[in-house]
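This report covers packing, ring pairs and backbone geometry. The sequence and structure come first.

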Amino acid sequence: ASFTISLRTVDNITVMIKLRHGVSPSCQIRVKNVIRSELKIKPGENVTFTFTCSNPEKYFIMEIQKNIDCVSGPCPFGDVHLYPPGLPRLNRTFIWDVKASTKAGLELKFSTPWLRQIEPGETCPDVVSYNINSCIDTATVNIGTFCRNGSVSRIKLLGGVIMSLHLPWDSPLTTSGFNIANRASIKRLCIIESILKGESSITLMSPNYPLGFPEDELMTWQFVIPSNMRASVFFHNYSLSNCERKEERVEYYLPGSLSNPEVFKLSDSQPANIAGSFNLSLQGCDQDAQNPGILRLLFQVVVQHPQVDENVTHLVDLSKEWNMTVTIHFEGWPSRIPLMSEPICLICKNPRTCDRVLTLVSGAVYKISFLCKDLSRLRITAEKGISCVDIRWCQRKIYSLLVPKVITQLPIRLHKFIWKLLAPDLINIEITSPSLKLQQHVPEQRCNTSYSYSIVSATPETELNVGVFCPGGSIEKIQMRNNITISLKTFGKGFLNESNHQDLKMSFVPHIKDECTFTVSPDPKAKVYLQTPNWPYGLPPYVSISWYVVVPSKQVAHLGFSKDRMGIACETGRAYVNIKEETLGAEETVRREDELLPEPRNMYHDFWVNVSNCKPVDKTQLTLQFWVTFADKQIDLRVIIAVVAGAGVLMAIGLAVCCVKKKKKKSQNPMVGVYNPNVNTQVPGKQGLFTKGRKNNESHVYAVIDDAMVYGHLLKESNGSVAPEVDVYRPFDGPIGSLPPSPPPFSFRKDIKCSPNTEEPLTLTDTDHDTYTFAHQKSGQSEDNGDTNEKNNADTSTSLLENKEQDDLVE
């Protein structure tokens, strides 16, 4: 197709056709059989041309520039037309360069649907955009880039203006969409008018954004708001320059204000809930020539209907709280920034101070209100710090980690409550839950409550994620070293009811050995799963964790591990699992990382499980899980029969001795202990408590016999001058073993008298079951000394028992 462009001289229009940047010149322009890669048509010229391809829009763009002089000649007020007609269908840019005096600024008026400012690099939906630049002397300031369908209705500029309209090659637009309305001195860089009708939201930027607002300049935005609507201003992105003189600020002319203009810093919360039209001005300063910095501002204006409950206030009394902040925010804060088009929820601490995020601090009383149609989109996040300053005072205090009622009574869902617990050197922190106790959240035993606690211990070297816990478990106490962060997080709406039953408490305790110690008191009917902290990433190197498991007196615990090995290899040090019952003489079970973990076993007393990590050789870390179940202790009938039989024998011996003493009460000779092979005071079923000693014979068991009956003939032969060589009982005062000795048999107790009113001997208790022994291994002795002594004593006693008096006594 052939195109003809005729330009009149008086129009002062220049047309330029040139190749698009980065496109190969496979298509060219032919003018009178002359091939060109670009074409420039000046005012007064008439040119006919064709393209050498059928799709020139892929290769060429067009610029149409019109110069308008409003300084030396009359200014052409009215609509600005797209001229000349009959242009080829190329991507084209119309440029109007209007010269004007700074004493008589220009006003550009836009036809509906007006304009909407966009950020640099953003594209308009229809690819039709306007770019406006202000020209003051030789300086050019970019007022902004705009799309159609917005709220910007007019722009007044100081001095001249360069207006650009970018149209795609297939755009049906036939009018420029603006006119030059007037000339008026405005004494500032520009005034941008924005008309908002109904509920809406707009975003605006300072000139030259984001490169920086001109030094010591002033500009104004005028917002036309219906009187029955409410407007709020939010600064989303701003920066400040380095001022030598004056101060950067924003000024508001607000309807009904008695102190116009109201001055704010850019860092302040901006006015909200404004009833009617208002002005906002941005004032720069004289900048430091060496380091000027950048002043820029991106803000949002939201217009909405008055809320029904905007006059409903909620009292938040934090006057008695200490070191606590409460933040009310939209859902997803701070990781998610709400879209400009989303319905807005505002929190107000007074009628003019509202924001999407409001932070309240302890020590004050607030009356807040909400400008929000749907309060379910709001959340509360609170944080409280507890520290120990005076060790003597804080070690005696128990702190309740409860969510204050002033928070739970608000019509906003609590998202998270954080306690930051700071402990001084050599002081650790203890967390308890006396009534509810805590359950560790593990894959086999998940929490299903309306809230949970996430506990993190911050050591000087690393941060240890202790785990997630919820109420209703078996963990009574957690002791941790260094500082602790506890985060209560809610799920659903059930926390409002369950918050009345919180019982989490903390206190400062003396230094503990391990990084973390758990005290576990399980329900006898439950199966409890416990796992190492920092799951599933593994324990940090050289960290030691302990569990103290309480076993009910009538129960036996069954302990097992979820895997057969630790699953790590150590580069430095060794990793250990230690198991030991909390009873004297208990053997300790120890396994290294290169050994199999213990098989499931029964634990009859309270016991410890300790896991100590090494420095692993690769990225695989130590993760360990174990479980505990309970069962009733099985009562062995043979043990009961043996105990009863033993008690009967002891009772018979006691009665016999008492009767003999009654017959021989004239004799005052001291009683001596003589071996009696027919007496057995050892109770079956307890032999596992001893490792060495005379437990397999009865050489240490004695009965009390009147010495006159046994040794009378010896005393007569020696005239009482020779003491008999017999084993006489004396109280034990040597070293003891792993278990304390049991009390001696009843026959040895000096306070037992044989009389008609003598009470029955006490029945054996649990502590009486342990066998009494005289033989204890001393330091330096071999393990067989006890057995040797037993043999010697047995020989001596046997020779004595062969006397006739012994036979008579037995008869």
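Phe213 lies in the loop between β18 (200-205) and β19 (218-224); strands here are DSSP E runs of at least two residues, numbered from the N terminus. The model is predicted, so local features need pLDDT of at least 70 and side-chain atom pairs count only at pLDDT 80 or more, while totals for chains, interfaces and linings use all residues. Residues are numbered from 1 along each chain as its sequence is written, and side-chain values use heavy atoms, with hydrogens and water left out.

Phe213 counts as buried because its relative accessibility is 4%; buried means under 20% relative accessible area, exposed over 50% and partly exposed in between, with a 1.4 Å probe and protein chains only. Not counting residues up to four places away in sequence, Phe213 touches Leu189, Ser206, Pro207, Leu218, Met219, Leu282, Gly284, Gln287 and Leu295, where contact means heavy atoms within 4.5 Å. Leu282 is 69 residues from Phe213 in sequence, with a C-alpha to C-alpha separation of 9.3 Å.

Ser239, in strand β20 (residues 230-241), is buried, with a relative accessible area of 18%. Its side chain reaches the backbone oxygen of Ile294 at 2.9 Å. Leaving aside neighbours within four places in sequence, Ser239 is in contact with Ile294, Leu295 and Arg296.

The largest nonpolar core has 82 residues, of which Ile17, Phe49, Phe223, Phe278 and Phe299 touch the most other members. Such a core is a set of buried Ala, Val, Leu, Ile, Met, Phe, Trp, Tyr and Cys residues joined through side-chain atoms within 4.5 Å. Strand β27 (residues 293-304) supplies the largest share of this core, five residues. Apart from it lies another core, of 81 residues, including Val326, Leu488, Met506 and Ala575. Beyond its neighbours within four places in sequence, Ile17 is in contact with Ile29, Glu38, Leu39, Phe49, Phe51, Phe60, Ile61, Met62 and Leu90.

The whole structure contains 23 aromatic pairs. Rings of Phe, Tyr and Trp (its six-membered ring) pair if their centres lie within 6.5 Å; planes under 30 degrees apart count as stacked, over 60 as edge-to-face and the rest as tilted. The pair of Phe561 and Phe626 is tilted because the ring centres are 6.0 Å apart and the planes are at 55°. Phe561 is in strand β47 (residues 555-561) and Phe626 in strand β54 (residues 625-632), 65 residues apart, and the pair links distant parts of the chain. Both Phe561 and Phe626 are buried. Elsewhere, ring pairs join Trp221, Phe223, Phe235, Tyr252, Phe264, Phe278 and Phe299 into a cluster.

| Charged residue | Ring | Distance to ring centre |
|---|---|---|
| Lys397 | Tyr399 | 5.2 Å |
| Lys527 | Trp627 | 4.8 Å |

The peptide bond from Thr112 to Pro113 is cis, with omega near 15°, and Pro113 lies in the loop between β10 (105-110) and β11 (115-118). Another cis peptide bond joins Asn260 and Pro261, with omega about -5°; Pro261 is in the loop between β22 (249-253) and β23 (262-264).

Asn12, which is not a glycine, has a positive phi near 55°. Asn12 is in the loop between β1 (2-6) and β2 (13-19) and, at 33% relative accessibility, counts as partly exposed. Asn534 also has a positive phi, of about 60°, without being a glycine. The place of Asn534 is the loop between β45 (528-531) and β46 (544-549), and Asn534 counts as buried at 15% relative accessibility.

Key. Helix = DSSP H or I, 4+ residues; strand = E, 2+ residues; numbered from the N terminus. Lys NZ or Arg CZ within 6 Å of the ring centre and 35° of its normal. Polar contact = N/O pair within 3.5 Å; in protein donor to acceptor, adjacent residues only side chain to side chain.
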